[in-house]
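Subject: A structure to look at, with notes

Dear colleague,

I am passing on the structure below, and I would ask you to keep it open while you read the notes that follow it.

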Amino acid sequence: MKKRKRNRSAVLLVVVFLLLGTWAVLDGYHDLLSNLSSCDGEPHRYYVYPNTPMDSVLAQMEKDYTIASKGSLRRYARWKNFECPRPGYYEFGRFVSNRSLVGHLQYGRQTPINLRFTNQIRNNAQLASRMGKVLMVDSAEVMARLNDADYLEQFGLNSATAVCLFIPNTYEVYWTISVDELFARMKKEYDTFWTEQRLQQAKNLGLSPTEVATLASIVESETNNTTEHPTIASLYLNRLRKGMALQACPTVIFASGDFSTHRVTQRLLRINSPYNTYKNVGLPPGPIRCPNGKAIDAVLQAPKTDYLYMCANPDWSGTHVFSATYEQHQRVAVAYRRELNKRGIK
């Protein structure tokens, strides 16, 4: 009888050890390998805002993942003294372990996002809006920096030239980057772009980097036909050297603030603005859009020509006719205006 009791006790003990071992192995599997499984087999991404409780993050994740054991996750979180996630943008794979989930959220191991600036950004307001939509920054704070003369002085810029710092490209940054960190990052990118060679090319033209960017923004605004950019740049450089007004229609449109304008009328040409290059000789105070690197290089590497005038081609091919004399230009301009009237473009 005693022997039978001892056997039962031994069996019970073995069962208990087996259960504990199974529990330990399973818990270890959840901790180290996988506790969350993607429902659709795809990775998922989440924005975690400041002071978001862990329960809210899990509620979000439960829409995309099956959680095998919330108990093991809570035990692991307690063991790691984890309470509140750090804000950030996080990406998790098909299978997520407790260690991976807690580690990312506890230490802010974010996934970088792509911050893209394009040449469609025309002014500080649009630039600030872009950052506010993509990053966890307040667009009003960005705008304040873009208009702060003292702050911009450290970059050699002012409110009119601030957009020069943001050369169109795609940059990897963290969603939680601060405004000052972002400006510092863009300054590094700016300095990398403006190599000694480019700086020397600008010097040879008698222009500063911001003046080159300003001219490039005008060139880029004239046409989407990039093959013409070097020739257009050459034309405007010729005008600058001769002390002629640039008479660039895109600058008048910029001065008007109505970027939907297709035809520059006499009314627009009378706008009083430092950006109206029909009224003012020389370059405007700053770029009229964020010029991309290729447009800047088109200015720096502009060919030598004798062109002083240009007009959209009356054949509506999207190209321009370049002229060295006003008489040649007038003939093309008359034909182009006739075509505008024919098409009913105001």
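Predicted model: local features only at pLDDT ≥ 70, side-chain atom pairs only at ≥ 80, totals over all residues.

Strand β2, which covers residues 44–48, runs antiparallel to its partner β4, residues 88–92, and the two are joined over five bridges.

The pairing of β1, residues 36–38, with β5 is antiparallel and runs over two bridges, and in it L36 has V96 of β5 as its bridge partner.

Turning to the aromatic rings, a search of the whole structure gives 18 aromatic pairs. How are the rings of Y151 and F183 placed towards each other? Their centres are 5.4 Å apart and their planes stand at 80 degrees, and since an angle over 60 degrees counts as edge-to-face, the pair is edge-to-face. This pair links distant parts of the chain, as Y151 belongs to helix α7 (residues 149–153) and F183 to helix α8 (residues 179–193), 32 residues apart. Buried means under 20% relative accessible area, so Y151, at 15%, is buried, and F183, at 1%, is buried too.

A second pair is formed by F254 and Y275, whose ring centres lie 4.7 Å apart with their planes at 50 degrees, so that this pair is tilted. F254 is in helix α12 (residues 249–256), whereas Y275 is in the loop between α13 (266–269) and α14 (293–300), and the pair therefore ties together parts that are 21 residues apart in sequence. F254 counts as buried at 15% relative accessibility, and Y275 is buried as well, with a relative accessible area of 14%.

Ring pairs also join F117, Y151, F155, F166, Y171 and F183 into a cluster. Charged side chains meet rings in this model too: R122 lies over the face of F259, 4.7 Å from the ring centre, and R198 lies over the face of F193, at 3.9 Å from the ring centre.

In helix α10, residues 209–222, you will find T214, which counts as buried because its relative accessibility is 2%. Leaving aside residues up to four places away in sequence, T214 touches L283, P284, G286 and P287.

Finally, there is the largest pocket, which holds about 1600 Å³ of space. Its lining is made up of 49 residues, and those that lie nearest its centre are E222, C249, H262, A312 and Y336. Which element supplies the largest share of this lining? That is α15, which contributes seven residues, while at least two residues each come from α10, α11 (229–242), α12, α13, β8 (309–312) and α15 (326–343).

With best wishes

How values were computed
Residues numbered from 1 in each chain as written. Heavy atoms only, no water. Phe/Tyr/Trp six-rings, centres within 6.5 Å; stacked < 30°, edge-to-face > 60°. Helix = DSSP H or I, 4+ residues; strand = E, 2+ residues; numbered from the N terminus. Buried < 20%, exposed > 50% of the residue type's maximum accessible area, 1.4 Å probe, protein only. Lys NZ or Arg CZ within 6 Å of the ring centre and 35° of its normal. Pairing = 2+ DSSP bridges. Contact = heavy atoms within 4.5 Å. 1 Å grid on protein atoms, 1.4 Å probe; cavity = no way out; pocket = protein on both sides within 12 Å on 5 of 7 lines; lining within 4 Å. Points joined across faces, edges and corners; volume = space filled by probe spheres on them.
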